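Please look over the structure below.

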Amino acid sequence: MNEDQFKQALHEKGISLSDVQLEQFKKYYELLVEWNEKMNLTAITDEPSVYLKHFFDSISASFYEDFNGPFSVCDVGAGAGFPSIPIKICFPHIKVTIVDSLNKRIQFLTNLSKELNLSNVQFVHARAEEFGQNSEYREKYDIVTARAVARLSVLSELCVPLVKVGGRFIAMKAASASDELKDAKKALDVLGAEKSGEYSFLLPIENSERTLYVFSKTKSTPKRYPRKPGIPNKTPII
């Protein structure tokens, strides 16, 4: 997917990018490749694949869920900034917080946000389990999202505690993850969330499968969750 195809594909979804926004994506790509030589940010570095598999794929969440309000968004384990930074470029009014356990990635994201002139972005170096127990962040976000981080039963424990009651947890999966959804049913119930949306689609050009799960926060998460670092992964709530 080249830049023109990227622009056109988004336009067809109702997102019209300005020259400034297109330049931000171009700079994002350049910085991603430059920093990737110093640290492992992504295995995908050729421009057409980055525009399709990272930029367009990240923004796809907004084709199905509303990002037009003045929402606060938390991205758990965003790595090189996916999906929240491409969404932020398209919807500059949202407030974004990214939490990641690797300080090198936080350094990259901090530099990236300065180079792209992004405002209302915050980067926190922390384990998601500890971040979710911090009263400054717990149940403070309208939308919490994660892309390719962990199985849904584990991911729910890391994300749902951060969502405001009435807010949304959006999980982006590579393909249909119906088995993950079954395994996560108890965790979602315990944590106070229920499925409110499920969208399956094909990524353009290569036609690879994608599934978006949306969960609404219906009640406050019990204080014991998330548990200590490593425990959700070792012993998921099932």
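How many bridges join strand β1 to β4, and do they run parallel or antiparallel? Three bridges join the two strands, which run parallel. This is a predicted model.

**The strands**

Start with β1, which covers residues 72-76. One of its pairings with β4 sets Asp 75 opposite Thr 145.

Strand β4 spans residues 141-147. Six of its seven residues are buried, so β4 is largely enclosed by the rest of the structure. Strand β4 also pairs with β5, residues 163-173. Six bridges hold that parallel pair. Within it, Ile 143 has Arg 168 of β5 as its bridge partner.

Glu 194 has Ser 216 in β7 as its bridge partner. The hairpin of β6 and β7 has six residues between the strands. In that hairpin, Ile 205 takes a positive phi near 70°.

The pairings are listed here.

| Strands | Bridges | Sense |
|---|---|---|
| β1 and β4 | three bridges | parallel |
| β4 and β5 | six bridges | parallel |

**The helices**

Now turn to a helix pair. Two packed helices are described by the angle between their axes and the distance between the axes.

At what angle do helices α2 and α3 pack? The angle is about 120°, and the axes lie 11 Å apart. That makes α2 oblique to α3. Helix α2 covers residues 19-36, and α3 covers residues 47-59. The crossing of α2 past α3 is right-handed.

Which residues meet there? From α2 come Phe 25, Lys 26, Tyr 28, Tyr 29 and Leu 32. From α3 come Glu 47, Val 50, Tyr 51, Phe 55 and Ile 59. Of the residues in this contact, eight are nonpolar, two are charged and none is polar.

Definitions and conventions
Residues are numbered from 1 along each chain as its sequence is written. This is a predicted model: local features need pLDDT of at least 70, side-chain atom pairs count only at pLDDT 80 or more; totals for chains, interfaces and linings use all residues. Side-chain values use heavy atoms; hydrogens and water are left out. Axes are lines fitted to C-alpha atoms, for helices over the stretch in contact, and angles run from 0 to 180 degrees between N-to-C directions. Helices (H or I, at least four residues) and strands (E, at least two) are DSSP runs, numbered from the N terminus. Angles under 35 degrees count as roughly parallel, over 145 as roughly antiparallel, 65 to 115 as roughly perpendicular and the rest as oblique. A crossing is left-handed if the near helix is turned anticlockwise from the far one by less than a right angle, and right-handed if clockwise. Contact means heavy atoms within 4.5 Å. Ala, Val, Leu, Ile, Met, Phe, Trp, Tyr, Cys and Pro count as nonpolar, Asp, Glu, Lys and Arg as charged, and the others, Gly among them, as polar. Buried means under 20% relative accessible area, exposed over 50%, partly exposed in between (1.4 Å probe, protein chains only). Two strands pair if DSSP finds at least two bridges between them.
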